[in-house]
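Subject: Model handover

Hi,

Here is the structure we talked about. My notes follow below it.

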Amino acid sequence: MKEVLFVATHLTVGGVQKSLISALNSIDHTKNHVTLYVRNNRLDLLSYINKNVSVVVNDNKNHYYRKPKSIFLQLLILICNFFRLDKKSKEFSLILTEYIADLKFQYEADKYFKDKSYDIAVSYWQGYNTLFVDKYIKAKKKIMFYQVSTDELHNIHQQTMPHYDLIVAEHQDIQNALYSWYNGIDGKVIVVDNYTDQALLKKMSIECQIDKHNKTIICTCARFSKVKGIDLAISSAKILKDKGFDFIWYFVGDGPMRFEIENLIKEYNLESFVVLTGMQKNPYPYIGQSDIFVQPSYEEALSIAMLEAQLLTIPVVSTKTTGGIAMIEDGINGFLSDIDSESLANTIEKLIINNSLRLRIKNYLMSVDYSKEKDRYFSDWCNLLEV
């Protein structure tokens, strides 16, 4: 029986977290004893974790930050950020931030992993999570997952990637990008396409009924951050409203841009057309009961939400991101738009006014056989967990 550790940042509702659940459900638990360590105490999806998995939660993530040494260092960072006297003060602030993170890692490792070792350790997140697994988890084999299509936290990744045995990308384009961005990882990056349990999604999508008001229902499920294009979608909603279309567009999620999005809704008088649901533990009634799913991102790798919409046989409109182009056969299983509000609105309009077009795409999605994908994903994880 192999000892396998997964390290995740949190279990709030999101594409990476749902992908993690699929991974944990696809492991052979008769051959692997799996522990999941959740570094932040945000656990919306905890009940969906496979019952064979031992879950360890950092139940007080802020405890370290209340220690005198940490408080002193955080005050120094605030001073540096406040004055911003020159480039050196900014660099010093970044150094202090990384130093505090490293001290926190030491605190976590001593508390939860002292004298423990594993056959395999998986960092199921990019960013600082990879640094924690790299420096403070003892394992014979280490695997890093990279789920975004952007070169974020380059210095952290360049420091940690060469130390991992495997780096897993969700798509060939991400694999190619990683090889162009980072040194010392030749031959380490492999592609493992995501898998999502269609039967589970369908069951969750009918747990409750959403309010349709006899209107066209549009859904977007995403974090409210700049890269996800929520502002682009709101501008498209205004164009559709001004053309006289009657619809409700549900935005499932939350994030740093919420206040800005709320102001846009008021500015465009969209209160009767746009509903912000906030974070939902179960977002699938909104996705599965909609007429059209929209992915308005400026940048996107392989979108879990878009895949889930397809599994629930909902026609998808996506901007022409890396993930959108990879996942959408234009006019077959959905439609692609340019990354601007007018093109997005015009593409959505085609599906609003043409019920037969929506039905044709829905029927196509219903005909797709995903059973081989489940077998493929199980096989991929068997290979990943070989020591």
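T12 sits in the loop between β1 (2-8) and α1 (15-25). Helices (H or I, at least four residues) and strands (E, at least two) are DSSP runs, numbered from the N terminus. This is a predicted model: local features need pLDDT of at least 70, side-chain atom pairs count only at pLDDT 80 or more, and totals for chains, interfaces and linings use all residues. Residues are numbered from 1 along each chain as its sequence is written, and side-chain values use heavy atoms, with hydrogens and water left out.

Back to T12. Its relative accessible area is 14%, so T12 is buried (under 20%; exposed is over 50%, partly exposed in between; 1.4 Å probe, protein chains only). The T12 side chain makes a polar contact with the side chain of H10, at 2.7 Å. A polar contact is a pair of N or O atoms within 3.5 Å; within protein, one must be able to donate a hydrogen and the other to accept it, and residues adjacent in sequence count only if both atoms are side-chain atoms. Beyond neighbours within four places in sequence, T12 is in contact with Q17, R42, D44 and L45 (heavy atoms within 4.5 Å).

Now the whole chain. The protein chain has 15 helices and 13 strands. Its C-alpha trace spans about 60 × 55 × 40 Å along the principal axes. Buried residues make up 54% of the 387 residues. Of the contacts between residues at least 6 apart in sequence, 66% join residues at least 24 apart.

Best wishes
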